[in-house]
Amino acid sequence: LTKAGILACDVAIIGAGTAGLAAREAAEAAGSRVLLIDNGPGGTTCARVGCMPSKLLIAAGNAAQAMREGEAFGIEGGVARIDGPKVMERVRRERDRFVEGVMKKLRGFDPPTMRQATARFAAPGRLELDDGTTVEAKAIVIATGAASAIPKELATVKDRILTNETVFELEDIPQNLAVIGAGPLGLELAQAFARLGARVTVFNDTDSIGGLHDPEITAIARERFATELSFVLAIKLKDATPEANGIRLCWSDKNGADGDGVFSHVLAAAGRPPNLTSLNLKASGLALDGHGVPLFDPATARCGDSAVFIAGDARHDRSVLHEASAAGRLAGTNAACYPKLKSQPLGTALAITFTEPNIAAIGLTGRHLPKDCLTGTVRYNDQGRAKVENIPDGLLKVYAEVGSGRLLGAELACPAGEYLAHLLAWGIAAGWTVHDMLAKPFYHPTFEEGLRTALRDLCRQLQEEPREDFAFGAGC
Ligand SMILES: Cc1cc2nc3c(=O)[nH]c(=O)nc-3n(C[C@H](O)[C@H](O)[C@H](O)COP(=O)(O)OP(=O)(O)OC[C@H]3O[C@@H](n4cnc5c(N)ncnc54)[C@H](O)[C@@H]3O)c2cc1C
């Protein structure tokens, strides 16, 4: 504390989530006096209400589905009987272990270096906390994360709408669930609840699902998911009204035709905008983009030419855990060493949706791809391992540069997609060409052999002299 009662530090970090904790560790390692400020219950979004409880729910759903699918292999166990309260209880019990791991870490921090409060800018370099403290910092890291938005059409019933912050507290599996939003988060939870016995309807304002860009992959994915979920796509929600047995949703489709239905539960999964409103950014002196996010340089995490850095979901860009962690470390280091800045270009994009089939986008996809790039394709309906496992379909597309054959990106909705996505991300990050990847061993019989088929497809399009292919000598 200074004489004027101001708390002075080198680096003030707002938010003790994945990004903020990584920033703290990096700033301390660089020798800074750090103050970490957080207004939540602690434990991070990932562990408490995000990645981990959602994966626990998905694992339960997949276990039920595996029982149902046993018949195809001659295993007769009957239909899975699902004990909803037990399923939800396990989700919370295991979730609590992950949360406790983080809480233990927080408890280990020296108390004066941590504040439980909401921070807002009072002036550039100065924060006001809602416990009355004023903080002056040489550098500030914004790591405030994001929170679920409830669409305005649901305003009348907003207290009854589930979000990722409340859905894991359900005592039982909902009977008849509407999921608003067919993005990765909505689709993961929709399929998991459907596999656990809920009747699930997924609403979306476009006909895209799972964040996919490629229309062919989208169509195959939609067809696969439609065996478990109902889709109401390309609609506009009109309003919602409370009913004795749930919530009535009204919508209209693109031709103006109206629809409505009553659902026991409604889950909002229509986007998670950054938590920036409480920060009073107008006092920060930072320039903001159209969404109210400070303009920043991804290579340094620095906002404009200020001593403020931003990391994690607060950036509204690549809202996934490994990016939050990497950007947090970078922001922490640069805040500690300011004005000396380390520059670290963004890595290869990698986003995975843990549905079955897995969905993933790697490197460049959609409108970010050059118009003239090459596309190698494999369908998993006729792939050896997919047949062995009785996994009926899926599509993988790999994109490569014309001429050089350098791998640019990939998109997929196929079995074992999470593993294929990693291989592709690592190959793209290493600057591999199609030939570099084809020269690696592919074990038999695996889903990775499907990836090799897509690479060979690219190889043919490159119209080069055939080169060594690990498996077949001259395999192009
Ligand atoms: C349901 C769900 C599933 C997900 N699944 C995956 C997955 O499988 N894989 C993956 O990579 N990513 C996944 N994600 C995304 C991942 O969880 C996030 O990218 C990551 O947790 C973001 O971390 P963060 O540090 O930016 O934010 P957070 O962990 O949310 O931390 C932000 C902190 O800032 C605090 N805060 C906010 N405003 C203030 C303020 N003014 N003053 C003080 N404190 C403040 C908050 O209380 C909070 O503690 C999922 C997300 C959700 C919601």
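**Notes on a predicted model: helices, sheets and a pocket**

1. Start with helix 3 and helix 4 (residues 84-107): the two pack at an angle of about 145°, with their axes 9 Å apart. Axes here are lines fitted to C-alpha atoms, for helices over the stretch in contact, and angles run from 0 to 180 degrees between N-to-C directions. Helices (H or I, at least four residues) and strands (E, at least two) are DSSP runs, numbered from the N terminus.

2. A word on the source: this is a predicted model, where local features need pLDDT of at least 70, side-chain atom pairs count only at pLDDT 80 or more, and totals for chains, interfaces and linings use all residues. Residues are numbered from 1 along each chain as its sequence is written, and side-chain values use heavy atoms, with hydrogens and water left out.

3. On the helix 3 side, the contact (heavy atoms within 4.5 Å) is made by Met52, Pro53, Leu56, Leu57 and Ala60. Helix 4 brings Val87, Met88, Arg90, Val91, Glu94, Arg95 and Phe98. By class, that is nine nonpolar, no polar and three charged residues.

4. Helix 3 turns up again at the second largest pocket, where it gives seven residues, the largest share of the lining. A pocket is an open set of points on a 1 Å grid over the protein atoms alone, where a 1.4 Å probe fits, with protein on both sides within 12 Å along at least five of seven lines; lining residues have an atom within 4 Å of a point. This one has a volume of about 690 Å³, taken as the space filled by probe spheres set on the points. Of its 28 lining residues, Glu69, Arg195, Arg224, Glu356 and Ile391 lie nearest the centre. The lining has 13 nonpolar, six polar and nine charged residues.

5. Next, have a look at the open sheet of five strands, ordered 18-19-22-21-20 with antiparallel pairing. Two strands pair if DSSP finds at least two bridges between them. Strand 18 (350-353) and strand 20 (374-379) are the edges. Six bridges join strand 20 to strand 21 (residues 395-400), and arginine 379 stands opposite leucine 395 there. Helix 11 (residues 448-462) packs on this sheet, touching strand 20, strand 21 and strand 22 (407-414).

6. Another open sheet has three strands in the order 11-12-13, also antiparallel. Its neighbouring strands are turned by 20° against each other on average, direction ignored. Strand 11 and strand 12 (residues 246-253) share eight bridges, with threonine 241 opposite arginine 248.

Key
Ala, Val, Leu, Ile, Met, Phe, Trp, Tyr, Cys and Pro count as nonpolar, Asp, Glu, Lys and Arg as charged, and the others, Gly among them, as polar.
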